[in-house]
Amino acid sequence: MGCCSGRCTLAFICGMQLISILERQIFDFLGYQWAPILTNFVHIIIVILGLFGTVQFRPRYVTGYAVWLVLWVTWNVFIICFYLEVGDLSKDSDLIMTFNMSMHRSWWMENGPGCRVTLVTPPPSWAPEDHRYISIAGCLLEYQYVEVAHSSLQILLALVGFIYACYVVKLISEEEDSFDFIGGFDSYGYQGPQKTSHLQLQPMYMAK
């Protein structure tokens, strides 16, 4: 029963991760955030493999999923540091999130709760001709804090998923060991069919 509950809980966590990361992927696409888009895609694939390994008793898949979660937590910690501008990081950098291919920012920058976007005319001389120059005011929650909240949720789910992944791998290994111990793969426990009494050879005596 413990194995079933552990596997069911991990499957539920994987489902929650898929729902949350698909929501995040949509908004990253809207903001043309190419680095998060690629990382999210890898995360989706590995979570699906982890879910498959949980359902099909494949400890290698679950182990790979657990290893990836460590990298996933590291990435999301970096995202939090990036938007909070820890150290020399700057949330206005185009290189990290968009590979310096565009000047786009997080979708939440213009579309956050309460944000009012005003087009500035005429635009400043330094603004590119193919981009509009806007002013944003009235946001109830700044976009960087929305991104931090998304990453914090991913870290929380990843930590819980890592704990249950290790637990499920342990249970599957114990189950395989116990099956082997009772003779599931033990060739010494096999004995060939015995001859019945009427087929056994009997001694013959010759009358003199």
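Let's start with Leu-69, which sits in helix H3, covering residues 59-83; helices (H or I, at least four residues) and strands (E, at least two) are DSSP runs, numbered from the N terminus. This is a predicted model, where local features need pLDDT of at least 70 and side-chain atom pairs count only at pLDDT 80 or more, while totals for chains, interfaces and linings use all residues. Residues are numbered from 1 along each chain as its sequence is written, and side-chain values use heavy atoms, with hydrogens and water left out.

Is Leu-69 buried or exposed? With 1% relative accessibility, Leu-69 counts as buried (buried is under 20% relative accessible area, exposed is over 50%, and partly exposed is in between, using a 1.4 Å probe and protein chains only). Setting aside neighbours within four places in sequence, Leu-69 is in contact with Gln-17, His-43, Ala-158, Gly-161 and Phe-162; contact means heavy atoms within 4.5 Å. As for Val-47, it is 22 residues from Leu-69 in sequence, and the two are 9.1 Å apart in space, C-alpha to C-alpha.

## Aromatic pairs

The structure holds 11 aromatic pairs. Rings of Phe, Tyr and Trp (its six-membered ring) pair if their centres lie within 6.5 Å; planes under 30 degrees apart count as stacked, over 60 as edge-to-face and the rest as tilted. Take Phe-27 and Trp-107: their ring centres are 4.8 Å apart and their planes are at 35°, so this pair is tilted. Phe-27 belongs to helix H1 (residues 2-30) and Trp-107 to the loop between helix H4 (94-98) and helix H5 (108-111), so the pair ties together parts that are 80 residues apart in sequence. Trp-107 is partly exposed, at 24% relative accessible area.

Phe-27 also pairs with Trp-108, with ring centres 4.7 Å apart and planes at 45°, so that pair is tilted. Trp-108 lies in helix H5, so its pairing with Phe-27 in helix H1 ties together parts 81 residues apart in sequence. Trp-108 is buried, with a relative accessible area of 16%. Elsewhere on the aromatic list, Trp-75, Phe-78, Phe-82, Tyr-83 and Tyr-143 form one cluster.

## The disulfide and other cysteines

A search of the whole structure turns up one disulfide, meaning a pair of cysteine sulfur atoms within 2.5 Å. Cys-115 and Cys-139 form it, with their sulfur atoms 1.9 Å apart. The torsion about their S-S bond is about 125°, so the disulfide is right-handed. This pair links distant parts of the chain, 24 residues apart: Cys-115 is in the loop between H5 and strand S1 (116-119), and Cys-139 is in the loop between strand S2 (134-137) and helix H6 (143-181).

Cys-115 is buried, at 16% relative accessible area. Cys-14 is buried too, at 0% relative accessibility, whereas Cys-166 counts as partly exposed at 39%.
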